[in-house]
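Here's a quick walk through this one, starting at the DNA and ending at a sheet. Have the structure open as you read.

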Amino acid sequence: MSKFLIIDGNSLMYRAYFALPDLMNSEGMHTNAIYGFSMMLLKLLEEEKPDYIAIAFDKKASTFRHKEYSAYKGTRQSMPEELIEQVDILKDVINAFNIKTIEIEGFEADDIIGTVSKIASESGMDVLIVTGDRDALQLVSANVKVKICKKGITQMDEYDEKAVFEKYEVTPLQFIDLKGLMGDKSDNIPGVPNIGEKTAIKLVKEFGSIENLLMNTDKLKGKIKENVENNAELAVLSKRLATIERNVPIDIDLNEYAVKNYDVNKLTELFEKLEFSSLISDLKDDSRDTKDIKEWPVRDFTYVKNVLGKFDVLSLYPFIYDGKIKAVSFACGDGSFFVEIDDYDNFKLLNNDKLTLIGHDLKDFLVNISYCGIELNCKILDTAIMTYLLNPSESNYDISRVLKKYLKEDLQNIDDIVGKGRNKKSYDDIDKKLLVDYMCSAASNLSKLKDKLMSFIKEMEMEDLLKNVEIPLIEVLKSMEVYGFTLDKDVLRSISKEIDEKTDKIVKDIYDAAGYEFNINSTKQLSEFLFDKLNLPAIKKTKTGYSTDMEVLAELIPYNDIVGEIIEYRQLMKLKSTYIDGFIPIMDENNRVHSTFKQTVAATGRISSTEPNLQNIPVREEFGRRIRKAFVSSYEDGLIISADYSQIELRVLAHLSEDEKLIESFLNNEDIHLRTASEVFKVSKEEVTSEMRRRAKAVNFGIVYGISDYGLSKDLKISRKEAKEYIDNYFDRYKGVKNYIDSIVKFAKENGYVTTILNRRRYIPEINSKNFNQRSFGERMAMNTPIQGSAADIIKMSMVKVYNELKERGLKSRLILQVHDELIIDTHPDEVEIVKELLKSIMENIIKLKVPLVVDIGQGKNWYDAK
DNA sequence: TGACTCACG
DNA sequence: ACGTACGTGAGTCAG
């Protein structure tokens, strides 16, 4: 926990002045207060090692207490001449220590200390108050301690709650009552006449507070009773005067009080003038010790420039806050340092093709600066992606987790520094020291992390995958994100209107049928309507009640016409909320939406798309498919060109399994589902009906997913027995596939993982589980991952090549989207033919498999027409 | 925040 | 006997 040291400057200055003999330098200047103060400061810094420090001073002005009691501090003598002449120099010394002072018009140091200690302790710091005044004991709490000068200038007593109670037998807050009763000569607080420390302690112990005492004076007797009763008002006033104000209206940024190295040169110069030779030698010793450890590694871009002249590998870790890069930490052979960002143009310094930038999630950073027009041509390496390759099933690749796992480095969690949700701090409120520490340790560990990860990657033979696919893909995805997909708002609006009209009618019908109004979006209320009101049969249960999903509703259609309307309502609401209401507000000034593509999320190696998800735009149903009419080219008269791999997963399966029949089918460019139907149903291809083909298609899907009779039976709504027959027939005809599936499951059981064509690896610990479900799940993953993952490998390779080819040829057309087996190019009208040729030749030839890869190209003025 | 539902390959 | 098809992301409700 951070420690905030706050010093009562006036109090310590007086203490030093009175405790030391009258020292003078050769110029005849009095120096004892400065000397003593400096001694105390050095000692405190060394012993307490605070993270933050501030020194409070009284401000010469009438304080609020004078307004209440004109005699307040009336007996105090004015400051002696010999001390006055030291004040300004002392403040120079403090300044050279790089310590900030706090003075506020109208308030005493006490009140500043009371307020600052409250703020600091409330923000979770430990506070240590140093003063010569016992009054401060009232500020002691669980995380506030007070150090009080005892004798001379070096001896101090430290008080926590327990120590206060042990010594004075009252709580810190009762200290105020104590002073209210006994008064204080030095502050001229009157108190109650004839009540001294002894009596005051007795009374506070017995009654708890002055207020309670005054309500119970009947329990007192003799002189004490008389005195208290006659001076009730005085007691209350005294208490108020003795109470340290803890809510002084100050606007304070605790970060500004982070401990910094003192300015050795300035301090030495001052001490020389003051002739504090012993302190000068202390100073030098200390500064050597602390310099390395406590160096405040905050630099600017001039420093970055110097570093870049010396090193060709640089680690970078940015702090992106509210979409802006607020700061960056760098690390290189010279150590690590932190730079606040005021001008993105400074990043142009990194534009150097000899430079290798190591980062963790570099795309975030590159996208961010790209929006400001800055493109870097340096080489890059990304430790997040490396970690993902080593194990793509992790739930996240936060830097703190990765460093802990691979380097056993403990890094504070960034959420603890910045805060989360409604506790998120404003940038200025973030503890700068923690942030700098966090970022510098992140950056300074990246290079070591990279080495470690690289050794594992080489061991697993994933170096090619990393260097030829995943790393180059960063720039491709960055470009896709920054470029965006252009939408036609009018198309969205007109579909929206159409949906509104339809749903208005449907909602009325449903309410009429129910006889009451309810929220159709609520599964709970909908199931009450369906299963209680209409008494329809509840087919499926969920954890929380009866299911109302599509499968259930479809079966309920024959029972009541309203069910059809409910289904339609659901579909329309989904379209409107997700694809229209969800998209319009995120369009930029050029009518584009910018998705974020995630490279480290899908365990199979696929990329995913978020905010918005452009990989699930409707296509299966005609009405929803019309949404795609809104996805247009950014160019006047430009086209959307779509290039999709035909049956890529089954082709991959043919390649991996080397199944003769499957290979033959693809070599002959057959209708694959038709062929499967003729095999499974043991008829000639001419005899295959559309229903048979539909079922065979489901069987093929099942094979890719890791087949089970249960899953197939559910999908086709046939008996498990029948499903099992299909599967048996399939495996009988496609023996190569059967062998492959058996062998991949066996491999996974023995090795604990499976791999793809490019050696991408996924661990499957579930495969040896004793739990049947877990184990079956593992087996299906073992079957599906090499297929889905290899397809992902292939299209990723194509993306890199298509992107580079468009770039090298200086074409205006852009790769803007990937949907697992499909690439979308926003095509300039002059480049339609070249783009189509380029796509087809690159994608079909990106890798040589045992079957050909076939790419279908579509084009149109929008995505709908590009099919 | 988790559960449900549904959009895609 | 067991009881899920593989991989994702987003909107909505309800507690």
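## Where the protein meets the DNA

A side-chain N or O atom of Arg606 sits 3.0 Å from a base nitrogen of DNA strand B. Keep in mind that this is a predicted model.

| Residue | Base atom of DNA strand B | Distance |
|---|---|---|
| Arg606 | nitrogen | 3.0 Å |

Zooming out, 24 residues surround DNA strand B, and the closest are Thr548, Lys574, Val619, Arg620 and Asp821.

What is the make-up of the surface near DNA strand B, in nonpolar, polar and charged residues? It splits into 7 nonpolar, 10 polar and 7 charged. Helix H24 (residues 562–580) gives the largest share of that surface, with 4 residues.

## The six-stranded sheet

Now for the sheet. It is open, with 6 strands in the order E3-E2-E1-E4-E5-E6 and mixed pairing. Strand E3 (100–103) and strand E6 (155–159) are the edges, each pairing on one side only. On average, neighbouring strands are turned by 25° against each other, ignoring direction.

At one end, strand E5 (residues 144–151) pairs antiparallel with E6 over 5 bridges, and Val146 stands opposite Tyr159 in E6. Helix H2 (residues 32–48) lies across E1, E2, E4, E5 and E6, running at about 165° to E1.

Conventions: Residues numbered from 1 in each chain as written. Chains lettered and ligands numbered in written order. Predicted model: local features only at pLDDT ≥ 70, side-chain atom pairs only at ≥ 80, totals over all residues. Heavy atoms only, no water. Near = heavy atom within 4 Å. Polar contact = N/O pair within 3.5 Å; in protein donor to acceptor, adjacent residues only side chain to side chain. Helix = DSSP H or I, 4+ residues; strand = E, 2+ residues; numbered from the N terminus. Nonpolar A, V, L, I, M, F, W, Y, C, P; charged D, E, K, R; others polar. Pairing = 2+ DSSP bridges. Axes fitted to C-alpha atoms, helices over the stretch in contact; angles between N-to-C directions. Contact = heavy atoms within 4.5 Å.
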